[in-house]
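Got the viewer open and your selection tool ready? Here is a short walk through the model, one stop at a time.

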Amino acid sequence: MKHPVLVAVDGGSGNIAVRYVKDDGKTVHQFLMRSVVRRGHLQQGSRESNSTWQTADGELYSVTSTGSKMELIDTCDPAYQISSANRVLVIDALVKAGLADRDIILADTLPADQFYGENGIDTARIEAKKTSLMQPVTNYTGNVKAPRIKEVRIFPEAVPAFVSASIRDDGTTEPEMDHTGNTIVVDIGRFTCDIAVLDANNDVIGRATTENGIHVMIKRFQALLIENEADLGVEETKEISPAALDDIIRNGYIGPTAEARKHLRTSIEHLALTAAKELSELIRGDIRALHRSLADIEVLLVVGGGANWLGGKLNYLPNFAESWHPKGLVFIPDEPEMSVVRGVHILAMGELQELTED
């Protein structure tokens, strides 16, 4: 019997991120997938999907890659965090990350505004999250054995992001995060933007969640495409799927990716620039609404998949995040979409080591 695996998960509204150390004790494995789930069956060709799961009370949920807004579970709803749909997404991600039929010690997250209540840590919410994740689900086809979650630990999303950004892979301190005082963590997801103010002790002293995630930029970009169809020489842009819009924005053009046909591409960089700038201003307003003056903020840490879009990591979009701090004290780590799950993993490994030493 193999030993239980400590697995960190960041189950956001847009993506599920997974991180663990393989059985060799050295290799770190990371996995990322979209948080897209619906009720009922799902077929792949002539067969039932291996990503359809049944809960203990008989409900069926299927993890998919796309679908209409009407049929998909709303992962932005606060209730999603302790729902069967969330549990199914986590289990499916663990299986796809190579952990089928394994015993799991799970370290997961809650948004800061759910982890903390009006009078401190919301223990009832945390326990509800643990209870939900430990309920078993069964693969509908019977072809896949679900991992068995034996223990759950829950962390607030803001603190792990800070820890991850502060510690390099070799264990040394990241210079830009060394001896920082007050910090604002801005976690830009697919559908939400979580903002938390941390003091020098990493205590969360302010928090807010808005719906100004990357979906706002994508929606605005598509509206601009529709308005400019004639000038661009493209048709039916209203029918472009969200997944295709992602690729178009990343590429900076509509048309073939093959280099031999690049002369057939239509640049959309100017439209993406407009949409990104507008979202950037919305997030800047969210930060200001939570913490009016940034004179006492030593670093503004920007993480999440949206940091790639607004932080200058797309080759043609500038770093909008630099303008969010009056002195430009902004830090965006490498692979910002994995910052939270990496921090959760570091914290959970530290806790388990302390228990072992005791």
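Let's begin with a pair of helices: α5 and α8 pass each other in a right-handed crossing. From the α5 side, the residues making the contact are Ile214, Val216, Met217, Arg220, Phe221, Leu224 and Leu225. From α8, pick Leu271, Ala272, Thr274, Ala275, Ala276, Glu278, Leu279 and Leu282. The two axes lie 8 Å apart, and the helices pack at an angle of about 140°. Keep in mind as you look around that this is a predicted model.

**Stay on α5**

Now select residues 214-227, which make up α5.

Next, colour the buried residues of α5: Ile214, Met217, Ile218, Phe221, Gln222, Leu224 and Leu225. They cover an arc of only 160° around the axis, so they sit on the same side of α5.

To see what the buried residues of α5 pack against, show β14 (183-188), α6 (229-232), α7 (242-251), β17 (253-254), α8 (269-290) and α9 (306-310).

Click on Glu236, in the loop between α6 and α7. Its phi is near 50°, a positive value in a residue other than glycine. Is Glu236 buried or exposed? With 59% relative accessibility, Glu236 counts as exposed.

**Over to α1 and α3**

Select residues 84-96 for α1 and 123-134 for α3. Their axes come within 9 Å and cross at roughly 60°, so α1 and α3 are oblique to each other. The crossing of α1 past α3 is right-handed. Zoom in on the meeting point: Asn86, Arg87 and Val90 of α1 meet Lys129, Ser132 and Leu133 of α3.

Bring the rest of the model back: 12 of the 13 residues of α1 are buried, so α1 is largely enclosed by the rest of the structure. Among the buried ones are Ser84, Val88, Leu89, Ile91, Asp92 and Leu94.

**Follow the chain out of α1**

Just after α1 comes Gly98, with a positive phi of about 100°. Carry on to Asp101, in the loop between α1 and β9 (103-110). Asp101 has a positive phi too, about 60°, although it is not a glycine. At 35% relative accessibility, Asp101 counts as partly exposed.

**Last stop: Asp113**

Select Asp113, which belongs to helix α2 (residues 112-115). Asp113 counts as partly exposed, at 34% relative accessibility. What does Asp113 contact, leaving aside neighbours within four places in sequence? Show Arg207 and Thr209: Asp113 is in contact with both. To finish, draw a distance from the C-alpha atom of Asp113 to that of Ala158; these residues are 45 apart along the chain, and the separation is 10.0 Å.

Conventions. Residues are numbered from 1 along each chain as its sequence is written. This is a predicted model: local features need pLDDT of at least 70, side-chain atom pairs count only at pLDDT 80 or more; totals for chains, interfaces and linings use all residues. Side-chain values use heavy atoms; hydrogens and water are left out. Helices (H or I, at least four residues) and strands (E, at least two) are DSSP runs, numbered from the N terminus. The expected span of a helix is 1.5 Å times one less than its number of residues. Buried means under 20% relative accessible area, exposed over 50%, partly exposed in between (1.4 Å probe, protein chains only). The arc is that of the directions from the helix axis to the C-beta atoms. Contact means heavy atoms within 4.5 Å. Axes are lines fitted to C-alpha atoms, for helices over the stretch in contact, and angles run from 0 to 180 degrees between N-to-C directions. Angles under 35 degrees count as roughly parallel, over 145 as roughly antiparallel, 65 to 115 as roughly perpendicular and the rest as oblique. A crossing is left-handed if the near helix is turned anticlockwise from the far one by less than a right angle, and right-handed if clockwise.
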